[in-house]
Amino acid sequence: MNDAIDKRAKISGSEAMLKTLIAEGVDTVFGYPGGQVIPLYDCLYDYQDRLKHILVRHEQGATHAAQGYARVSGKVGVALVTSGPGATNTITGIADALMDSTPLVVISGQVPSPLLGTDAFQEVDVIGITLPITKWAYQIRKPEEIAWAVSRAFYIASSGRPGPVVLDFAKDAQVGMVDYAYEKVNYIRSYVPVPDVAAEQVEAAAALINGAEKPFALVGQGVILSGAEKELFAFLEKADIPAGSTALGLSAMPTGYRLNKGMLGMHGNVGPNMKTNECDVLIAIGMRFDDRVTGNLQAYARQAKIVHFDIDLSEIGKNVPVDAPVWGDAKETLAAVTRLLKPARHTEWIASFALHEKEEYEKVIEKELRPEAGRQLQMGEIIRKITEATGNKAVLVTDVGQNQMMGLRYFNYSQTRSVVTSGGLGTMGYGLPAAIGAKMGAPHRTVCLFTGDGGLQMTIQELGTIMQEKLNVKIIVLNNNYLGMVRQWQELFFDKRYSFTTMDNPDFVGIAKAYGIGARAVEAREELDGAIAEMLGHEGAYMLVAHVETHGMVYPMVPAGAPITNIIMG
C-alpha cells in the first residue's frame, strides 16, 4: 500500500481518515467499534501495523485513556467511537479535557447524511451536545472534507491553550471515494493561538518583580504544556522566588527543589497558602485562579500586586484583578521577563516558610507518615513508601477523592509530566483508564494508579483492557469502604450524618485475578513493605488492595468558600 501523503490517489473516506491521522503523527487510538463506524474499523484492519488500536471496555474509558496518553506524552490523544450512545458516553471525558486543557480529538461515527434529522437508529446531535465543551466541533458529511477537517482538528486541539475537538463522521463520508491529498493546517483566520509578546507587558511585569521584597510564584500546568520548565527555573533562580504549584502543575518542579514550597489550595501545604496572603507580588504562571486554589476571592491576596502569565486572554482578570498581565506562551514570556530581571536574594522571605512547614509536619504529616502503633494503615504512608520504592521516578495517576489529594500530597516528583489526575471536573472513574493511556504514552516509565474503592468501580471494566493489552500498570486501591471525601465533608460540616457514603465492596483481589492480574490485599503495617516490593517486582499488571483507616481525613483543609488562610489541621 502506498502511503505517500503528497501523491493523489482515489481512496475511501475511511482510508483518508487513517492516512491523515498518521500524517498528523498519531500512533495510538483508543476506541470501541459500533454500527455507524464499521467502515472505518474495517479499513483500520489493514492499518494495524501503523496505528495501534486499544480496545477499551466503555467509550468513557476511551476518552480518559486518550487523556492519560496526552498528559504524559505531550501528543494529542485520540478516541474513536460509534454514533448515539457511543458518542454520548464520551461527554464526561470531553468536558474533563476542556477543564484541564488536555489535547484530545474524539472521532464519532454518525448516521449517513441523508438520514440526519430523521431520528434514525442511534442518531444524536453530537455537534449540538459537544459545542459548549470543545474548542471546535465539526460534522464531516463529504469525503472531500476529511483531510482538511482532521488536520484542522489537530491544529486546534494542540495549539494555544490545548483542549478537545470532536469530529462527527457521517457513514456515507466514510465509504465515499475521494481524490486524497493531505495538506497540513497551521493557520486559521481569526484564530490566534499564540499572540505576539508585548514588550510593554514584559517591562511592566519585570518592574513589579524587581521591586518586590516578598515575591511568590504560583506554577500551573501551563508551564508543562508549553514545555517551559527550563525557563521557569531560570526565572525563579535569577530573582530567587519561592513557588507553589497547582495540582496539575506539581511535576513542573522536582519535589526537592529548594524553591518548591509545595501544593496550593484546599488540601495544599500550609506555607504556600499562608504566604499567598503575605507576599507583596504574586506571580501566576499558566494557572487560572481556580476556586479550590483561591478560596474566598474577597480575602485572596488583597495586599499583593498580581502578575499573570497566561496564553488564554480570557483567564486574565477573570477571577482575580491583575496589575501586570503577560499574554502569551509561557516559554516565550518567561524568558522575556527573565532577561529584564535583576539578580536578587530573598533569603529571609524564603526562610519564613520553614515555620509553616514545621507546623504542618508536626500536626499533619508526621501522623500520616509515622502513625502511632495500633492505628490502621494510613493513605499517606502507603503513597510515600511506593514513591520512594520507585526512586521518585514513577508517573502518578489518581482517581478522585481522598486518594487523589493524598496522592498529590505525598507522591514525589523528579521529572516533568508525572501527574495524571482530573483537576477541574473532578471525575470519579478517571483513574483506571487514564493509567492505561499513561502507560501507552510512556511505556518505559512505571505507572502507579492510586484509586479509591468508589472510583475504581465506576470504570472497573477497564481491567479487561489491561488484561488484553498486557499492560504493566500498578494499581493501588486505598480501600476504606466509604466514599471517603464525601464522608469527610459529612463528618466536618454535616454533623456526621453519613448519608449513603458507606460501601459494601466486592473481593477486589478476586476480581483482579479473574482478569489475570496479580493481586494481594494488605492490612497489617508489617506486611506493607513486602507487599510493595512484590507489586513493583511483579512482571505485568498488579493490584495492591490496602485496607486503610475507615475514617481517615485529608488534612490540611480549607473549607469551601473560606479564606485560603483559614486552614483546618485536624
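# Reading a protein model, one feature at a time

Me: So helices H17 and H24 are oblique to each other in this predicted model. At roughly what angle do the axes of H17 and H24 cross?

Reply: Angles under 35 degrees count as roughly parallel, and 65 to 115 as roughly perpendicular. Here the axes of H17, residues 379-389, and H24, residues 528-537, cross at roughly 45° and come within 10 Å. That's why the pair is called oblique.

Me: Which way does H17 pass H24, in a left-handed or a right-handed crossing?

Reply: The crossing of H17 past H24 is right-handed.

Me: Which residues in H17 and H24 meet?

Reply: From H17 you have Glu-381, Ile-382, Lys-385, Ile-386 and Ala-389, and on the H24 side they meet Leu-528, Asp-529, Ile-532, Met-535 and Leu-536. Sort the residues of that contact by class and you get seven nonpolar, three charged and no polar.

Me: On to the backbone. What should I expect for phi and for peptide bonds in most residues?

Reply: Most residues other than glycine have a negative phi, and most peptide bonds are trans. The exceptions are worth looking up on the model.

Me: Which residues does the cis peptide bond join?

Reply: Tyr-555 and Pro-556, with omega at about -5°. To find the spot, go to the segment after strand S20 (542-547), where Pro-556 sits.

Me: And what is phi of Asn-392?

Reply: Phi of Asn-392 is near 60°, a positive value in a residue that isn't glycine. Look for Asn-392 in the loop between H17 and strand S15 (395-398). With a relative accessible area of 23%, Asn-392 is partly exposed. Lys-496 is another non-glycine residue with a positive phi, about 60°. You'll find Lys-496 in the loop between helix H22 (484-493) and helix H23 (508-514).

Me: Does Lys-496 count as buried or exposed?

Reply: The cut-off for exposed is over 50% relative accessible area. Lys-496 has 53% relative accessibility, so it counts as exposed.

Me: How many disulfides does the structure hold?

Reply: A disulfide is a covalent bond between the sulfur atoms of two cysteines. This structure holds zero disulfides. As for individual cysteines, Cys-43 is buried, at 11% relative accessible area, and Cys-279 counts as buried too, at 1%.

Me: What does Thr-246 touch, not counting residues up to four places away in sequence?

Reply: Leaving out those sequence neighbours lets you see what the fold brings together. Thr-246 touches Val-219, Gly-220, Gln-221, Leu-264, Met-287 and Val-293. Thr-246 is found in the loop between strand S10 (243-245) and strand S11 (260-263), and it counts as buried at 10% relative accessibility. Now look at Ser-245, which is in strand S10. Ser-245 is buried at 0% relative accessible area, and what it touches includes Val-219, Leu-250 and Met-253.

Me: How many residues apart along the chain are Val-364 and Val-554?

Reply: Val-364 and Val-554 are 190 residues apart along the chain, with their C-alpha atoms separated by 9.0 Å. Val-364 is in helix H16, residues 353-369, and counts as buried at 7% relative accessibility. Beyond its sequence neighbours, Val-364 is in contact with Arg-409, Tyr-410, Tyr-555, Pro-556 and Met-569.

Terms used:
Residues are numbered from 1 along each chain as its sequence is written. This is a predicted model: local features need pLDDT of at least 70, side-chain atom pairs count only at pLDDT 80 or more; totals for chains, interfaces and linings use all residues. Side-chain values use heavy atoms; hydrogens and water are left out. Axes are lines fitted to C-alpha atoms, for helices over the stretch in contact, and angles run from 0 to 180 degrees between N-to-C directions. Helices (H or I, at least four residues) and strands (E, at least two) are DSSP runs, numbered from the N terminus. Angles under 35 degrees count as roughly parallel, over 145 as roughly antiparallel, 65 to 115 as roughly perpendicular and the rest as oblique. A crossing is left-handed if the near helix is turned anticlockwise from the far one by less than a right angle, and right-handed if clockwise. Contact means heavy atoms within 4.5 Å. Ala, Val, Leu, Ile, Met, Phe, Trp, Tyr, Cys and Pro count as nonpolar, Asp, Glu, Lys and Arg as charged, and the others, Gly among them, as polar. Buried means under 20% relative accessible area, exposed over 50%, partly exposed in between (1.4 Å probe, protein chains only). A disulfide is a pair of cysteine sulfur atoms within 2.5 Å.
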